Amino acid sequence: MGNQAKFSAGGNDHEFPILSGSVGPDVVDIRKLYAQTGMFTYDPGFTSTASCESALTYIDGDEGVLLHRGYSIEQLSEESSFMEVSYLLLNGELPGKAELEDFSRTITRHTMLHEQLATFYRGFRRDAHPMAIMCGVVGALSAFYHDSTDISDPVHRKISSHRLIAKMPTIAAMAYKYSVGQPFVYPDNSLSYTGNFLRMTFGVPAEKYEVNPVVEQALDRIFILHADHEQNASTSTVRLAGSSGANPFACIAAGIACLWGPAHGGANEAALNMLKEIGTPDKIPHYIDRAKDKNDPFRLMGFGHRVYKNYDPRATVMQKTVREVLTALKVNDPIFEVALQLEDMALNDPYFIEKKLFPNVDFYSGIILSAIGFPTTMFTVLFALARTVGWVAQWNEMISDPGQKIGRPRQLYTGPTARDYIPLDKR
Ligand code: ACO
């Protein structure tokens, strides 16, 4: 018998198995807690709860480590491509040359949308937020691709996974095109996944669009940095939706809805707005003072993280990428200087040191995305596009797990106890 955690309640002692993963904290297996004690655990926000077993992504927040299938985010973002990382997350191993070519060809072949979906877009108001369109259109995919919604069939699961990864750039670019009143641009399968997305977003039928290789590589890297991040809120949403047997298109639409919130996918937009508001380096001390003032609700956006308490390794890669993109596009954005000086001042300030607050992935991403030409409303859409691969991989892992059950948390009820109904004329 392995290690056991001892727990006393109601005068009785109970023991629960302690399970070890390959790395990271052990977990106490409390699945029999209710049966043995009649008690639930209470953990709003899941700060101490492992909701599943997973072999996809590992984070060590104290050390600033992020691994996908064991490979560090630094190496993947420097040396790999988003297609390769997608294959890795889905299949567990890096692809060989032929496997990568085959996977990229498969994804490329699925980039077009059913033509009737274009008319679906026209039902939205022109000023609709592109995330609203994403939620609607991705959910609607289940109405168009019935032939891949049988979740008990591994072939269906594979096809729907490929479809989701492949169609997301087309759906995202069309959401943008619709909002600016330009014609939809169809995919060009001779381009890379990311080059194709850039052309569908910024190209117009009247002119030939040249993909800038530096921008293409930078955006591909941003996609890698956002590909997966363990059991975060939107991923947990996808798993919970999927645990009932819902089809994958509906589950990913649920993930997109969760990602939309400002505490999750919306933070890069908030970080860029904050940097613009600060405007010039001389104003930085004032904003740092505000962030430290307990009576002021202002926080440094793009700073701090629930899990990372040392540094966010994605932010380091992102900072380097900003320089490359601004230089390649010959953009002299004074906001970047504000960001660099703000980071420097905050990292030397006792308040931020003591609370272990460091820039997160969102601190620099807004600067790059706006330099490339994306409006702020598209920032979360790009996050959703990239995270789709993580959602899909996590969903597949869950469905393939023989121990999988419907997700159904319990509660600490604090409402009224049973009481008699009083007819309206007696109240
Ligand atoms: N600026 C100033 N103070 C901060 C900041 C910040 N950005 N973040 C945390 N703190 C302070 C809090 O006031 C708190 O102080 P206290 O202990 O004196 O009360 C302490 O640091 C701990 O903060 P919590 O909010 O309890 O930490 P938690 O882990 O719950 O929150 C979060 C993490 C939500 C990311 C927080 O740091 C934050 O609001 N950051 C700004 C928003 C942001 O950038 N979000 C993006 C996250 S990354 C992502 O989703 C991809």
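This is a predicted model: local features need pLDDT of at least 70, side-chain atom pairs count only at pLDDT 80 or more; totals for chains, interfaces and linings use all residues.
Select strands 4, 5 and 6. You're looking at an open three-stranded sheet, ordered 4-5-6 and paired antiparallel. Strand 4 (57-60) and strand 6 (71-72) are its edges, each pairing on one side only.

**Stop two: strand 4 to strand 5.** Four bridges hold this antiparallel pair. Pick D60 and you'll find V65 of strand 5 as its bridge partner. Now step into the hairpin between the two strands: it has four residues, and G64 there takes a positive phi near 70°.

**Stop three: strand 5 to strand 6.** Show residues 65-68, which are strand 5; two bridges join it to strand 6, again antiparallel. L67 sits opposite S72, and H68 has Y71 as its bridge partner. The hairpin here has two residues between the strands, and R69 in the turn has a positive phi of about 50°.

**Stop four: two helices.** Select helix 7 (154-180) and helix 18 (379-400). Their axes are 9 Å apart and cross at an angle of about 170°. That is over 145 degrees, so the two helices count as roughly antiparallel.

Zoom in on the contact. From helix 7, look for residues including R157, L164, M168 and A172; from helix 18, those they meet include V381, L385, W395 and I399. By class, this contact has 11 nonpolar, five polar and one charged residues.

How values were computed: Residues are numbered from 1 along each chain as its sequence is written. Side-chain values use heavy atoms; hydrogens and water are left out. Axes are lines fitted to C-alpha atoms, for helices over the stretch in contact, and angles run from 0 to 180 degrees between N-to-C directions. Angles under 35 degrees count as roughly parallel, over 145 as roughly antiparallel, 65 to 115 as roughly perpendicular and the rest as oblique. Contact means heavy atoms within 4.5 Å. Ala, Val, Leu, Ile, Met, Phe, Trp, Tyr, Cys and Pro count as nonpolar, Asp, Glu, Lys and Arg as charged, and the others, Gly among them, as polar. Two strands pair if DSSP finds at least two bridges between them.
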